[in-house]
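User: I have a chain open here and would like to go through it piece by piece. Can we start with the strands?

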Amino acid sequence: MAAPTIRTTHVGSLPRSDRLRALLTESGDRDEQAFEAAVTESIREVARRQAEIGIDVGNDGEQSRIAYSVDVTNRLSGFGEGAVERAWPADLDDFPAYAEELLGDTENIGGPVATGPIEYVGEEALRRDLARFDEAVDAENVAFPARFRTAPSPGAVLRFTETEHHDTLSEYIFDLAGALQTEYELIAETGAILQIDAPDLLAGFTLTYKDDSVADFRERARTHVEALNEAVANVPDEQIRLHACWGNYPGPHHHDVALEDVIDVFYEADIGGLVVEGANPRHQHEYRTFEEHPLPDGWRLIPGVIDVKTNVVEHPEAVADRLERFADAVGDPERIVAGADCGFETVVEGANAVHPSIAWKKLEALVDGAELASERLA
């Protein structure tokens with residue numbers, strides 16, 4: 001019997017060069033020629049390194065973005081700069097000294113605020129950004145069996161912004177969905193897999209909606225999925241994978257909502273793949289959810305099998321063990337794609353836990369573990 005092929009991917013953000021990081025965080029008028037050159041160079045680097053390591057489904061590493069969550073507001077009308085208040089996650093409320101050390105002051109952080117009607121106005125900018133990865137692949141003479149592009153869910157944008165224009169959060173999220181529809185469809189037109197980052201569907205329980213009961217949160221998540229479905233109505237399900245996580249920060253996570261408490265809501269999404277954490281030590285048991293709640297027909301599961309909150313490099317045997325557990329739970333190893341728990345550098349000026357050089361070593365372990373699991377599952 002031929003061994004199944006477990007492909008490899010990651011969640012999206014990869015380490016940026018020092019030069020690019022400095023340009024992304026530069027205040028005042030930026031030298032756009034220097035920025036374009038730095039982005040081009042950095043995307044070529046991540047394309048080459050992904051190919052060398054053996055990543056099957058690669059991307060541009062989100063090199064041109066300062067943060068995965070709010071970059072899209074640069075392509076939307078109706079936003080200005082204002083105060084965006086974000087409280088500590090619920091788990092860190094129990095450990096205030098550690099929270100202060102890890103996150104510092106979270107009140108009155110500057111960020112995008114909706115002050116008027118929201119419309120998509122960034123088609124030209126997005127098309128330029130989408131072209132960069134193809135140009136890098138050609139320049140480096142590398143190839144990937146498939147590629148993906150990330151975009152935040154309507155609920156993710158809501159999480160990291162505020163609105164002064166909408167009367168309710170429900171009105172706001174559906175307004176965002178209507179505008180983001182254009183971004184999603186432009187990405188899909190390129191043939192890339194559209195990965196929608198939706199931390200609101202898991203991490204939202206401890207970050208944004210700390211006062212919700214599980215029942216309340218389920219209903220809120222259902223509204224978020226309804227908004228998402230409206231936004232992807234014209235994108236084929238099989239071209240979409242949904243990424244949900246419990247928050248990419250090294251906290252205790254002891255108040256996280258259980259995957260089994262919301263998995264049926266996830267299954268209402270019009271998608272073809274689900275990306276979930278599987279290496280996070282708080283959630284390594286969650287593979288059992290897919291035994292009790294089978295994956296919908298036609299869906300793929302992309303479990304995280306390397307942890308992006310520790311500099312410990314996983315042994316390929318440990319990666320293979322995790323993949324085998326998920327394959328057994330789903331019942332078909334061909335429906336499994338090996339991934340990472342989250343991104344390595346989701347925010348340029350954030351508390352990214354893994355050193356850039358170690359991030360690449362962890363991805364090597366991911367590929368080696370996937371090869372080993374493929375052999376074992378033959």
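User: How many bridges join strand β5 to strand β7?
Analyst: Five bridges join them, and the two strands run parallel. β5 covers residues 146-152 and β7 covers residues 193-197. Keep in mind that this is a predicted model.

User: Which residue is the bridge partner of Phe148 in β7?
Analyst: Ile193 is the bridge partner of Phe148.

User: What packs on the sheet there, touching β5 and β7?
Analyst: Helix α7, residues 169-189, packs on the sheet and touches both strands. The direction of α7 makes about 175° with that of β5.

User: In what order do the strands of the open sheet come?
Analyst: The order is β2-β5-β7-β8-β9-β10, which is six strands with parallel pairing. β2 and β10 each have a single partner strand and stand at the edges, so one side of each has no neighbour in the sheet.

User: What about β9? Which way do its residues point?
Analyst: Strand β9 is residues 273-276. Gly273 and Val275 point one way, Leu274 and Val276 point the other way, and all are buried.

User: Why do they alternate?
Analyst: In a regular strand, side chains alternate between the two faces of the sheet.

User: And how many bridges does β9 have with β8 and with β10?
Analyst: Three bridges join β9 to β8, residues 240-243, and these two run parallel. With β10, residues 300-303, β9 pairs over four bridges, also in the parallel sense. Leu274 shows up in both pairings: Leu242 has Leu274 as its bridge partner, and Leu274 stands opposite Leu301 in β10.

User: Which residues of α2 are buried?
Analyst: The buried ones include Ala34, Phe35, Ala38, Val39, Ser42, Ile43, Val46 and Ala47. Gln50 and Ile53 are also buried.

User: Why might steps of three or four places matter in a helix?
Analyst: An α-helix has 3.6 residues a turn, so residues three or four places apart point the same way.

User: What is at the start of α2, and what follows it?
Analyst: At the start, a side-chain oxygen of Asp31 reaches to within 3.1 Å of the backbone nitrogen of Gln33. After α2 comes Gly54, whose phi is positive, near 110°.

User: New topic, aromatics. How many aromatic pairs does the structure hold?
Analyst: It holds six. In one of them, the rings of Tyr267 and Trp299 have centres 5.5 Å apart and planes at 90°, so that pair is edge-to-face.

User: Where are Tyr267 and Trp299 in the chain?
Analyst: They are 32 residues apart, and the pair links distant parts of the chain. Tyr267 is in the loop between α10 (263-266) and β9, while Trp299 is in the loop between α11 (289-292) and β10.

User: Is Trp299 buried or exposed?
Analyst: Trp299 counts as buried, because its relative accessibility is 6% and the limit for buried is under 20%.

User: What about the rings of Tyr287 and Phe326?
Analyst: Their centres are 6.2 Å apart and their planes at 70°, so this pair is edge-to-face. Tyr287 is in the loop between β9 and α11, and Phe326 is in helix α12, residues 316-330. Both Tyr287 and Phe326 are buried. Ring pairs also bring in Phe290, giving a cluster of Tyr287, Phe290 and Phe326.

User: Which side chains make polar contacts with the side chain of Asp94?
Analyst: The side chain of His254 does, at 2.7 Å, and that of His255 does, at 2.8 Å. Asp94 and His254 are 160 residues apart along the chain, with their C-alpha atoms separated by 9.8 Å.

User: And Asp212, what does its side chain join with?
Analyst: A polar contact of 2.8 Å joins the side chains of Asp212 and Arg220. Asp212 is in the loop between α8 (204-207) and α9 (214-231), and at 13% relative accessibility it counts as buried.

Notes. Residues are numbered from 1 along each chain as its sequence is written. This is a predicted model: local features need pLDDT of at least 70, side-chain atom pairs count only at pLDDT 80 or more; totals for chains, interfaces and linings use all residues. Side-chain values use heavy atoms; hydrogens and water are left out. Buried means under 20% relative accessible area, exposed over 50%, partly exposed in between (1.4 Å probe, protein chains only). A polar contact is a pair of N or O atoms within 3.5 Å; within protein, one must be able to donate a hydrogen and the other to accept it, and residues adjacent in sequence count only if both atoms are side-chain atoms. Two strands pair if DSSP finds at least two bridges between them. Contact means heavy atoms within 4.5 Å. Axes are lines fitted to C-alpha atoms, for helices over the stretch in contact, and angles run from 0 to 180 degrees between N-to-C directions. Rings of Phe, Tyr and Trp (its six-membered ring) pair if their centres lie within 6.5 Å; planes under 30 degrees apart count as stacked, over 60 as edge-to-face and the rest as tilted.
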